[in-house]
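Hi,

Here is the two-chain structure I said I would pass on. Have a look at it first, and then read my notes below.

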Amino acid sequence: MKAIAYLNQFFGQVGGEDQADYEPTLHEGTLGASGLLNSLMPHVEVTHTVVCGDNFAASHTEEAIKRILGFLEDKEFDLFFAGPAFMAGRYGNACGAIGKAVKERFGVPVISSMNEENPGVEMYKQALYIFPGGRKATFMKKDLEVMAAFGEKLATGQPLQCASEEGYYVRGIRHEVFLEEPVMAADRAVAMMLKKLKGEPFVSELPIPKMDKVTPAPAIPDLSNMTIALVTSGGIVPSDNPDRIQSASATKWGKYDISELEVFPVPDYKTIHAGYDPEAADTVPDRVVPLDAMRAYEKEGRFKKLYDYYYVTVGTGTTQGEAARMGREIAEDLKKAGVDAVILTAT
Amino acid sequence: MRLEIGNFHVKEMTFGAKTAFSKGVLSINKEEALQVVREDEHIISAELHIVNPGDMVRLCPVKEAVEMRCKVKGGTHLFPGVTGELAPAGEGTLHALKGASVIVVGEHWGSFQDGLIDMGGPFQRNTLFGALRNLVLVADTDEVFEQREQQKKNRALRWAAMRLAEYVGSCLKDLTPEETEVFDLPPLNERSPEVQKLPGVVYVLQPQTQMEALGYNTLIYGWDGNRMLPTFMHPNEILDGAVVSGSFMPVSSKISTYQWQNSVTIRKIMAEHGKTLNFLGIIMSNLNVAMDQKQRSAQMVASMASNLGAAGAFVAEEGYGNPDVDFIQVLVELEKVGVKTVGIANECTGRDGASQPLVAIDEAANAIVSCGNVSQYLELPPMPVVLGELEAMARDGLSGGWEGCVKEDGSLVMENNGMFCADGVCGASLKTCREF
């Protein structure tokens with residue numbers, strides 16, 4: 001396998017802090033720390049090394065990413081290494097930002113190492129494999145060995161174990177596994193209960209992740225000039241469901257013309273949402289998407305215009321990730337159309 | 001309350017001249033059994049099969065599973081208020097065929113809550129029914145009103161499974177069991193001081209009851225769980241058929257009637273009773289749709305647990321997604337009144353594994369046993385024999401399938417969501433979720 005490594009000005013042998021504004025460059029083969037990395041991996045060849053000054057990466061991040069992605073555009077590589085960055089904050093963030101961009105653009109695994117106190121860990125652990133590393137450069141060999149071992153594992157196609165066994169910081173990516181030692185859920189529950197009752201330490205199998213709370217936008221004082229759109233996760237679609245939106249665990253959204261409609265005609269529209277009793281919604285779809293009420297308010301002049309399309313998906317069982325993606329796509333479309341506000345209905 | 005369950009281990013299942021059990025061999029008179037199935041005129045076509053662990057057979061769309069049993073003393077029917085007159089459950093003697101189940105499969109039509117079982121191959125281990133000897137009823141009905149509906153009550157087929165379980169189980173009536181399990185849990189005030197010194201625990205159950213229309217939800221003594229408030233029950237009542245599974249929950253999260261009859265968590269807490277814990281009983285709650293309903297049930301569960309003197313509560317939800325709100329709410333309310341909780345639930349992290357595992361989360365939910373991932377992506381090779389209609393997985397809105405998921409060669413891709421009762425939220429799961 002082929003790999004490309006990213007280093008800062010110091011470990012790429014350009015110079016110290018006085019060279020921190022060094023602009024990104026691409027070098028054939030290895031350089032400084034990437035030479036040691038290369039020597040640790042019999043099945044991986046480090047073909048190129050990217051070097052960039054920490055200041056340049058921190059203050060011109062977009063530009064640094066753009067140039068580096070440009071360097072890599074015509075290169076063949078299967079892995080990308082960044083760092084190790086120890087406790088160096090700017091270097092950690094640079095490894096993270098550039099590594100994430102490389103992963104998204106080229107779809108290759110990105111391997112890094114940072115000390116747990118490096119702010120780059122919190123920011124980028126979801127995007128890359130970041131291994132816990134030492135506080136300073138005296139740990140260079142040790143940290144590189146960890147990165148190299150994982151690179152070898154990927155290169156030789158060995159099956160990957162869970163994050164805690166491989167050793168990288170957890171990424172918030174959860175999959176099911178069959179337990180190596182088969183212990184029934186009920187037995188695990190009783191064992192956990194006995195520990196909890198005694199005040200002994202126990203490990204929950206589902207650590208509560210950080211909340212991703214969206215603060216509702218402030219109220220709009222004057223609606224008279226506003227174009228408002230209707231968006232719903234309630235599954236009201238034209239009855240033939242032209243975009244085949246799924247009834248549960250949806251990954252698709254639809255956008256349908258209502259410019260000629262005063263209310264949703266029945267049975268031309270119905271719900272395909274499998275998470276609630278459809279009877280009331282199929283009888284009067286407007287109770288899920290309040291088209292009738294919006295037309296009435298529109299005539300009264302409460303707001304300028306109801307946008308000509310409404311947007312729909314299905315909320316039941318739909319993952320947070322898919323919901324966020326669809327939300328972003330719908331929001332972009334609405335913004336392009338000059339819509340000022342949205343009424344979002346759920347069920 | 002004292003319940004004795006006499007066990008008869010099935011080593012071989014076969015069709016024969018007489019429905020009888022002898023020396024580990026269960027013989028079934030197919031014609032008689034089919035007559036029992038056809039007692040319901042809505043069943044228009046029916047066939048029986050026997051499948052064993054390791055058989056290269058795929059069952060789909062599977063609707064329900066029931067253990068074959070016979071009430072010998074203290075009642076007449078397996079499911080009071082459902083297959084027979086209302087009567088108390090939980091006392092007396094049952095005889096049960098172990099290592100075996102009745103499974104009912106739709107001949108043509110699948111529904112949202114139906115699933116798949118592989119009896120052999122790499123996915124045999126994904127459902128506990130892959131390890132059982134199963135009497136499989138494949139049947140069709142004249143319930144045309146719901147034939148093309150995604151949500152089906154599946155009434156005729158589910159009731160046929162229960163009748164079959166009673167019919168076959170009745171051959172045990174006069175036999176002497178190979179072993180007897182005793183579930184004896186006296187009233188709270190009649191327990192010895194040693195037992196009363198142990199930390200008291202309750203088991204809070206949230207069966208699937210979210211359909212406002214009747215006929216789809218879990219039944220408690222024949223009563224639709226949507227129309228009830230949390231109530232106190234003796235664990236024996238559940239082991240003895242007081243609860244019958246519904247026909248709504250996406251199937252990996254479902255608790256089939258077989259799993260209610262054999263509740264692994266109840267058995268485990270019972271085994272700990274008097275040793276490490278004092279099992280106070282079951283709080284049978286429910287799952288709701290409206291926020292105030294969720295809140296009301298959660299408060300009542302917490303109040304009941306607290307007033308029973310519970311130090312701890314096990315909480316299991318038969319569902320994912322919207323029901324996570326009820327689940328978390330109950331954990332929060334219990335912890336608020338000082339009852340320490342352990343939750344048992346599956347997760348839904350998306351195909352990439354990156355989504356929030358439960359729809360609702362709260363820091364109070366700090367002890368959870370994870371039973372699996374609803375959205376785990378599975379690629380199943382073709383199976384030489386399919387009982388039922390595999391295309392249902394793609395066509396009829398089964399929760400783990402989608403249009404085009406079944407290939408022409410009989411292989412398919414699906415989410416674990418459609419694996420029959422695969423996550424064992426009743427306590428019967430050998431899976432967990434991990435960070436990758």
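Let me start with one residue: leaving out residues up to four places away in sequence, B:N126 touches B:D118, B:M419 and B:A422 (contact here means that the C-beta atoms, placed from the backbone, lie within 7 Å). B:N126 and B:M419 are 293 residues apart in sequence, yet 7.3 Å apart in space, C-alpha to C-alpha. B:N126 sits in the loop between strand 10 (115-118) and strand 11 of chain B. Helices (H or I, at least four residues) and strands (E, at least two) are DSSP runs, numbered from the N terminus. Is B:N126 buried or exposed? B:N126 is buried, because 24 other C-beta atoms lie within 10 Å; the cut-offs are 20 or more such atoms within 10 Å for buried, 12 or fewer for exposed, and partly exposed in between, again with C-beta atoms placed from the backbone.

Before going on, the ground rules. This is a predicted model, in which local features need pLDDT of at least 70 and side-chain atom pairs count only at pLDDT 80 or more, while totals for chains, interfaces and linings use all residues. Residues are numbered from 1 along each chain as its sequence is written, and chains are lettered from A and ligands numbered from 1 in the order in which they are written.

**Around strand 11 of chain B**

The loop with B:N126 lies between strand 10 and strand 11 of chain B, and strand 11 (133-141) is mostly covered, with 8 of its 9 residues buried. Strand 5 (43-51) of chain B pairs with strand 11 of chain B in the antiparallel sense over 8 bridges, and B:H49 stands opposite B:V136 there. Strand 9 (100-106) of chain B pairs with strand 11 of chain B too, in the parallel sense over 7 bridges, with B:S101 opposite B:N134. (Two strands pair if DSSP finds at least two bridges between them.)

**The cores**

The largest nonpolar core has 171 residues, and B:V102, B:L137, B:A160, B:L164 and B:F314 touch the most other members. A nonpolar core is a set of buried Ala, Val, Leu, Ile, Met, Phe, Trp, Tyr and Cys residues joined through C-beta atoms within 7 Å. Helix 2 (155-169) of chain B gives the most to this core, with 10 residues. Leaving aside neighbours within four places in sequence, B:V102 is in contact with residues including B:A65, B:L135, B:L137 and B:L164. Apart from this core lies another, of 55 residues, among them A:A3, A:I4, A:L37 and A:A85.

**Where the chains meet**

How many residues does each chain bring to the contact? Chain B gives 62 and chain A gives 49. On the side of chain B that touches chain A, strand 21 of chain B has the largest share, 6 residues. By class, this side has 26 nonpolar, 24 polar and 12 charged residues; Ala, Val, Leu, Ile, Met, Phe, Trp, Tyr, Cys and Pro count as nonpolar, Asp, Glu, Lys and Arg as charged, and the others, Gly among them, as polar.

Strand pairing crosses between the chains as well: 5 bridges join strand 7 (174-178) of chain A to strand 25 of chain B, and the two run antiparallel. In strand 25 of chain B, B:E435 is the bridge partner of A:R174.

**Two open sheets**

In chain B, 6 strands form an open sheet with mixed pairing, in the order 16-18-13-19-20-21. Its edge strands are strand 16 (231-233) and strand 21 of chain B, each pairing on one side only. Helix 8 (185-198) of chain A packs on this sheet, touching strand 13 (200-206), strand 19, strand 20 and strand 21 of chain B, with its direction at about 150° to that of strand 20 of chain B. Axes are lines fitted to C-alpha atoms, for helices over the stretch in contact, and angles run from 0 to 180 degrees between N-to-C directions.

Chain A has an open sheet of 6 strands in the order 2-3-1-4-5-6, also with mixed pairing. Strand 2 (25-28) and strand 6 (129-132) of chain A stand at the edges with a single partner strand each, so one side of each is left without a neighbour in the sheet. Strand 5 (110-114) and strand 6 of chain A pair in the parallel sense over 4 bridges, and A:S113 stands opposite A:F131.

Cheers

Definitions and conventions
Two residues are in contact if their C-beta atoms, placed from the backbone, lie within 7 Å.
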